[in-house]
Amino acid sequence: MRIQIAAANWKMNLTLQQGEQLLNEVLSKSKQLKDYEQIIFAVPAPYLQAAVNLVKGKKNVFIAAQNIYQKKSGAYTGEISVEMLQSLGVTHTIIGHSERREYFHETNETLAKKIDIALEHNITPIFCCGEPLGIREAGTQNAFVAKQLVESIFHLSKNEISKIVIAYEPIWAIGTGKTATSEQAQEIQKYLRSQIVKHYDEKTADIVPILYGGSVKAANAKELFGQPDIDGGLVGGASLITDEFVSIIDALK
Ligand code: PEP
């Protein structure tokens, strides 16, 4: 069984106290995780250390940053390096969330550099890809997302790509309440896996978890996660509500 993941993206929400309470409640209410199941909390940068401390010793529970800078260190005021994350005990980072692409103009080329530096420091990238509404309406979503993979991750070696997580997040479904149907999500995620086969091989494609993101909630998680090429979810809004996120964790295959 491929790794199945329920990943929370808190974005720029919650105070430290609210975040600590939410994380503790989710962990105390959630089921015993199977070996192949993981929970990841992508928390705001100022809370990373506190979050790492709260999950210490909890099996298969990890803390992620929401972004990193592509340089090791230096005069980059306000940025966060992978070495800083490592020194805190952070194990994962989101890379290329559509909000970073849209509001902070992150390009596929920049994201390739972020992927490289994360892997060099043993930080697992959760690489986000996905098409805007216009591309979906034109029916060219497969080519659009495949290009994102080619330009940001397909330069990796077989060994390196086996260490990343992909999150397919159609932009028109993020924070909009509009979810891709399970058929739509399965269809494109199967296509993305076929692209990994094309550039690498079947065995590699079978290792890489591909999450779905875009208005995942308790009510639709089971149906989405039940699809063969959906290995869990990257969850924004619903990850801020204890019972919603606990139900999403319960819905993992
Ligand atoms: C996200 O932040 O990656 C996301 C999918 O948000 P939401 O679940 O709120 O659509």
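## Largest pocket

The lining of the largest pocket comprises 12 nonpolar, 5 polar and 4 charged residues; in this classification Ala, Val, Leu, Ile, Met, Phe, Trp, Tyr, Cys and Pro count as nonpolar, Asp, Glu, Lys and Arg as charged, and the others, Gly among them, as polar. The model is predicted, so local features require pLDDT of at least 70 and side-chain atom pairs pLDDT 80 or more, whereas totals for chains, interfaces and linings use all residues. Residues are numbered from 1 along each chain as its sequence is written, and side-chain values use heavy atoms, with hydrogens and water left out.

The space in the largest pocket amounts to about 510 Å³. Among the 21 residues that line the largest pocket, Met12, Gln66, Asn67, Arg100 and Phe104 are the closest to its centre. Helix H4 (residues 98-103) supplies the largest share of this lining, 3 residues. Helices (H or I, at least four residues) and strands (E, at least two) are DSSP runs, numbered from the N terminus.

A pocket is an open set of points on a 1 Å grid over the protein atoms alone, with protein on both sides within 12 Å along at least five of seven lines; a cavity is a set of points where a 1.4 Å probe fits but cannot get out, and lining residues have an atom within 4 Å of a point. Grid points are joined across faces, edges and corners, and a volume is the space filled by probe spheres set on the points.

## Second largest pocket

The volume of the second largest pocket is about 230 Å³. This pocket is lined by 18 residues, of which Gly175, Ser215, Val216, Gly236 and Gly237 are the closest to its centre. Its lining divides into 5 nonpolar, 10 polar and 3 charged residues.

## Cavities

The structure contains 2 cavities of 30 Å³ or more. By class, the lining of the largest cavity has 7 nonpolar, 1 polar and 1 charged.

The second largest cavity holds about 30 Å³ of space. Gly96, Ser98, Arg101, Cys128, Cys129, Gly130, Gln148 and Glu169 form its lining, to which H4 and strand E5 (124-129) each give two or more residues. The classes represented in the lining of the second largest cavity are 2 nonpolar, 4 polar and 2 charged.

## Salt bridges

There are 15 salt bridges in the structure, each defined as a side-chain nitrogen of Lys or Arg within 4 Å of a carboxyl oxygen of Asp or Glu. One of them joins the side chains of Arg2 and Asp206 (2.9 Å, N to O). Arg2 lies in the segment before strand E1 (4-9) and Asp206 in the loop between helix H10 (202-205) and strand E7 (210-213), so this pair ties together parts that are 204 residues apart in sequence. Arg2 is buried at 15% relative accessibility, whereas Asp206, with a relative accessible area of 48%, is partly exposed; buried means under 20% relative accessible area, exposed over 50%, and partly exposed in between (1.4 Å probe, protein chains only).

In the salt bridge between Asp229 and Arg193, the closest N and O atoms are 2.5 Å apart. Asp229 lies in the loop between helix H11 (218-225) and strand E8 (232-235) and Arg193 in helix H9 (residues 182-199), so that distant parts of the chain, 36 residues apart, are linked. Asp229 is buried at 10% relative accessibility, and Arg193 is buried at 7%. A network of salt bridges links Arg2, Arg193, Asp206, Asp229 and Asp231.
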